[in-house]
Amino acid sequence: MEEMEEELKCPVCGSFYREPIILPCSHNLCQACARNILVQTPESESPQSRRASGSGVSDYDYLDLDKMSLYSEADSGYGSYGGFASAPTTPCQKSPNGVRVFPPAMPPPATHLSPALAPVPRNSCITCPQCHRSLILDDRGLRGFPKNRVLEGVIDRYQQSKAAALKCQLCEKAPKEATVMCEQCDVFYCDPCRLRCHPPRGPLAKHRLVPPAQGRVSRRLSPRKVSTCTDHELENHSMYCVQCKMPVCYQCLEEGKHSSHEVKALGAMWKLHKSQLSQALNGLSDRAKEAKEFLVQLRNMVQQIQENSVEFEACLVAQCDALIDALNRRKAQLLARVNKEHEHKLKVVRDQISHCTVKLRQTTGLMEYCLEVIKENDPSGFLQISDALIRRVHLTEDQWGKGTLTPRMTTDFDLSLDNSPLLQSIHQLDFVQVKASSPVPATPILQLEECCTHNNSATLSWKQPPLSTVPADGYILELDDGNGGQFREVYVGKETMCTVDGLHFNSTYNARVKAFNKTGVSPYSKTLVLQTSEDTDSEEQTLPFPVPSERLPLRRMSPFSSTLNLQPSFPGRSYFDFRSSPHQLSLHSSLQSLNAPVAWFAFDPGSAHSDIILSNDNLTVTCSSYDDRVVLGKTGFSKGVHYWELTVDRYDNHPDPAFGVARMDVMKDVMLGKDDKAWAMYVDNNRSWFMHNNSHTNRTEGGITKGATIGVLLDLNRKNLTFFINDEQQGPIAFDNVEGLFFPAVSLNRNVQVTLHTGLAVPDFYSSRASIA
């Protein structure tokens with residue numbers, strides 16, 4: 001029952017509840033602690049005076065106006081409850097449980113009454129230290145909150161169970177510790193005395209034996225107190241209001257606010273809610289059992305990772321020693337890589353163990369507390385807290401949902417040392433991340449019989465080798481500039497046929513293609529030479545294969561600008577026309593230099609977390625969870641300059657969405673940038689931060705609201721990443737030395753919805769700055 005102790009302590013004083021009261025938010029406070037955190041509001045700002053003036057503002061509106069004063073100073077560690085002209089701000093304090101509470105703005109007046117009975121000043125406000133919900137007290141003050149007698153009973157039983165162990169009543173000399181109590185005999189027995197004096201057969205066999213602690217509680221159990229109404233102190237609770245979900249008295253039904261509400265018998269609702277809580281606990285108990293088994297699995301993974309690490313290090317040392325002196329300088333670097341992988345795996349697993357242990361402790365404590373509440377014989381007291389407990393049990397069960405009990409790290413080391421290179425290539429020695437289960441795809445084969453040119457366009461077709469068993473996630477087609485310059489990417493996608501329009505007439509281009517998947521990129525195919533027609537009246541011509549290795553003489557071309565259209569097509573020149581679709585593959589560039597094209601893409605449902613909700617042809621995204629979830633774009637980038645934007649369609653309760661780029665294997669159930677697979681900017685309504693590998697840098701003022709536009713500029717030529725908000729650069733360049741294959745990425749929760757806009761040109765001022773540099 002030790003895990004339950006957190007449920008029995010006040011969030012303000014950190015001690016066991018004393019005379020606990022129930023707030024409207026279903027949280028509990030000691031009555032004395034509730035008085036200590038009262039805040040007196042000015043008369044002119046009270047809800048009563050506002051209603052009298054005709055403003056019609058609710059009790060909570062004026063508190064919402066000052067919400068920022070509670071949270072805006074989070075960076076300094078202090079908060080203030082202010083916003084009123086005559087009320088001085090006061091620094092917040094921390095209770096022993098770490099919950100921020102606010103002391104009264106004015107010292108309480110001297111009084112001869114006890115703290116629990118002292119009058120409460122008019123217009124007093126109390127803020128729950130757990131959920132921060134605030135409300136104005138009425139004329140009854142703290143007496144208007146019901147007392148939680150069920151919680152008092154649970155605390156009493158818990159404290160009694162923690163007392164000294166009971167002794168056997170039949171031992172003659174040194175009494176031993178009692179192990180059972182007979183309810184009929186009303187005697188505590190140790191095991192020897194029970195077997196001797198209370199045999200399990202005969203007339204005593206039907207007696208009920210219970211644990212000593214339970215027997216002691218049943219001995220001392222006081223008669224149940226009669227529950228009285230908070231509105232009519234002389235009346236007992238007799239019915240249950242279904243609409244208000246609270247016990248009521250006869251006078252409330254006759255003349256109070258419950259006179260027109262549906263009511264039911266107190267005993268019937270007591271039994272119904274006990275049954276509902278018991279059913280909810282059954283599901284949570286199964287989750288707790290799975291969590292215990294999962295913790296055992298994680299602890300075994302730690303041992304297995306350590307064993308695999310030792311084995312892998314020994315193999316690595318043996319291979320390095322075989323390469324004699326030339327490998328010694330590289331060996332230390334390779335060992336460091338293995339140790340880093342080892343530490344990373346251990347860190348991930350240990351973090352998950354810690355997280356799961358805390359969750360399990362909280363779950364077990366809630367279960368034990370609920371079981372103790374079920375034992376309570378006070379219907380009205382039970383019904384006061386049963387709804388809140390049922391909601392907490394369901395919410396806790398949902399937190400153990402999909403993905404929580406799945407290891408975030410494998411025990412295998414996905415590294416293999418390639419020792420085949422010659423001695424002169426020793427400085428290029430590095431790990432090759434190849435596993436038998438997930439190698440890179442095979443090199444694509446260009447299908448020469450289906451490749452052709454027509455006027456100033458060319459169609460290329462390719463396929464995977466017939467015996468290839470490794471699937472490819474997509475292909476990258478590259479073309480040079482027609483003058484023997486460097487290759488540029490002109491298509492990235494899953495299609496195996498592509499038509500490139502807008503080429504120069506009478507020019508010779510070189511083309512090649514490669515495949516990629518989550519593991520990596522395949523080698524390039526053989527280079528194909530494409531010859532365009534001499535003028536626009538030429539008929540379609542099939543490439544003469546085999547193509548001679550020598551290039552044909554090039555005629556001089558006059559420079560012109562054109563549009564490069566990439567259209568997946570079927571053989572026979574039947575093109576798809578996507579010009580009116582958001583998936584249009586239209587890339588604008590100057591073909592004289594074949595500048596990097598723009599890319600059209602959408603979000604990828606296959607890579608998204610299960611809580612992600614996509615719509616609008618996978619261009620609009622939101623989430624069903626309050627936790628941050630990640631979704632990637634369909635297109636990955638490894639070269640060139642790329643720019644895309646996201647508009648904020650909905651922004652509630654000031655969340656922190658994150659925007660940026662990520663690897664394919666980024667963690668999907670945490671905020672973008674929490675691991676080393678993502679580079680992101682997360683932003684709220686006031687400021688932003690850059691984050692990578694859980695490192696927060698470059699806090700910048702300026703946030704987002706509904707309708708804001710976030711721009712992401714990935715410059716792989718200069719290896720950096722820059723962010724924009726409403727067409728203004730947000731902070732300095734966010735990240736440098738960015739290399740590899742990156743996918744656009746977003747993380748958000750249910751309070752945010754954004755829409756993706758692609759096919760955009762690089763901002764003019766960035767292009768000008770790049771040309772000057």
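Asp675 is located in the loop that links strand S33 (658-662) to strand S34 (678-683). Helices (H or I, at least four residues) and strands (E, at least two) are DSSP runs, numbered from the N terminus. The model is predicted: local features need pLDDT of at least 70, side-chain atom pairs count only at pLDDT 80 or more, and totals for chains, interfaces and linings use all residues. Residues are numbered from 1 along each chain as its sequence is written, and side-chain values use heavy atoms, with hydrogens and water left out.

Asp675 counts as buried because its relative accessibility is 9%. Buried means under 20% relative accessible area, exposed over 50%, and partly exposed in between (1.4 Å probe, protein chains only). Contact means heavy atoms within 4.5 Å. Not counting residues up to four places away in sequence, Asp675 touches Val666, Met667, His692, Asn693 and Asn694. A polar atom of the Asp675 side chain lies 3.3 Å from the backbone nitrogen of Lys677. Val348 is 327 residues from Asp675 in sequence, yet the two C-alpha atoms are 9.9 Å apart.

A nonpolar core is a set of buried Ala, Val, Leu, Ile, Met, Phe, Trp, Tyr and Cys residues joined through side-chain atoms within 4.5 Å. The largest such core has 71 residues, and Ile126, Leu277 and Tyr369 touch the most other members. Elements giving two or more residues to this core include strand S1 (20-22), strand S2 (28-30), helix H5 (149-161), helix H9 (266-322) and helix H10 (324-374). H9 gives the most, with 18 residues. At least three residues come from each of domain 1 (1-41 + 119-164) and domain 4 (275-401). These domain bounds come from an automatic or database domain assignment. Beyond four places in sequence, the contacts of Ile126 include Leu23, Leu29, Ile37, Leu38, Arg133 and Phe145. A second, separate core has 38 residues, among them Trp644, Phe659, Val746 and Leu748. In soluble globular proteins, nonpolar side chains tend to be buried together.

Strand pairing was examined around S11. Two strands pair if DSSP finds at least two bridges between them. Strand S11 (residues 237-241) runs antiparallel to strand S12 (residues 246-249), with four bridges joining them. Cys241 has Met246 as its bridge partner in S12. Four residues lie between the strands of this hairpin, and Lys245 takes a positive phi near 55 degrees. S11 also pairs with strand S13 (residues 263-265), in the antiparallel sense, over three bridges. In S13, Val263 stands opposite Cys241.

Notes
A polar contact is a pair of N or O atoms within 3.5 Å; within protein, one must be able to donate a hydrogen and the other to accept it, and residues adjacent in sequence count only if both atoms are side-chain atoms.
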